[in-house]
Amino acid sequence: AALGLAAASGEEIAGVIPALSAVDAAIMRRPDGGPMLRLERVTRDASGAVLEYVESILDPARFGLRIEF
């Protein structure tokens with residue numbers, strides 16, 4: 001808000017990476033080849049312009065997804 005930007009809508013998609021790559025495994029200090037959670041989020045302003053794009057790779061032993069409705 002300090003920059004005059006305001007989120008009006010967003011979308012988050014959850015999925016699974018069946019096998020973690022050797023590169024990502026080295027960065028995350030995890031064994032390669034194991035499954036990981038993948039979250040992708042896009043936040044937009046009222047005109048539809050992208051304000052934020054986030055792609056996360058999460059260890060399912062440490063993270064989960066909770067949805068309230």
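Buried means under 20% relative accessible area, exposed means over 50%, and partly exposed lies in between. Keep those cut-offs at hand for this tour of a predicted model.

**Stop 1: the sheet**

Select β1, β2 and β3. These 3 strands form an open sheet in the order β1-β2-β3, and the pairing is antiparallel. β1 covers residues 9–17. β1 and β3 stand at the edges with a single partner strand each, so one side of each has no neighbour in the sheet. Now look at the angle between neighbours. Ignoring direction, neighbouring strands of this sheet are turned by 10° against each other on average.

**Stop 2**

β2 runs over residues 36–44, and β3 over 50–58. Their antiparallel pairing spans 8 bridges. Select Val-42 and look across to β3: Tyr-53 stands opposite.

Next, go to the turn. The hairpin of β2 and β3 has 5 residues between the strands. Pick Gly-48 there; its phi is positive, near 95°.

**Stop 3: Arg-38 and Glu-55**

Show side chains for Arg-38 and Glu-55. They meet in a salt bridge, with N to O at 3.0 Å. Which parts of the chain does this pair tie together? Arg-38 lies in strand β2 and Glu-55 in strand β3, so the bridge joins parts that are 17 residues apart in sequence.

Is Arg-38 buried, exposed or partly exposed? Its relative accessibility is 26%, so Arg-38 counts as partly exposed, because the buried class ends under 20% and the exposed class begins over 50%. Glu-55, at 45%, also counts as partly exposed.

**Stop 4: Arg-41 and Glu-52**

Move along the two strands to Arg-41 and Glu-52. Their side chains form a salt bridge, 3.3 Å from N to O. This pair links distant parts of the chain, with Arg-41 in strand β2 and Glu-52 in strand β3, 11 residues apart. Arg-41 is partly exposed, with a relative accessible area of 29%. Glu-52 counts as partly exposed too, at 32%.

Glu-12, Arg-41 and Glu-52 are linked in a network of salt bridges.

**Stop 5: Arg-66 and Glu-68**

Select Arg-66 and Glu-68. Here too the side chains meet in a salt bridge, at 3.0 Å from N to O. Colour by accessibility. Arg-66 counts as exposed at 70%. Glu-68 is exposed as well, with a relative accessible area of 63%. A search of the whole structure finds 6 salt bridges.

**Stop 6: Asp-59**

Finish at Asp-59, in the segment after β3. Is Asp-59 buried or exposed? At 7% relative accessibility, Asp-59 counts as buried, because the cut-off for that class is under 20%.

What does its side chain reach? A polar atom of the Asp-59 side chain lies 2.9 Å from the backbone nitrogen of Ala-61. Now show the surroundings. Setting aside neighbours within four places in sequence, Asp-59 is in contact with Met-28, Arg-30 and Met-36.

Terms used
Residues numbered from 1 in each chain as written. Predicted model: local features only at pLDDT ≥ 70, side-chain atom pairs only at ≥ 80, totals over all residues. Heavy atoms only, no water. Helix = DSSP H or I, 4+ residues; strand = E, 2+ residues; numbered from the N terminus. Buried < 20%, exposed > 50% of the residue type's maximum accessible area, 1.4 Å probe, protein only. Polar contact = N/O pair within 3.5 Å; in protein donor to acceptor, adjacent residues only side chain to side chain. Contact = heavy atoms within 4.5 Å. Salt bridge = Lys/Arg side-chain N within 4 Å of Asp/Glu carboxyl O. Pairing = 2+ DSSP bridges. Axes fitted to C-alpha atoms, helices over the stretch in contact; angles between N-to-C directions.
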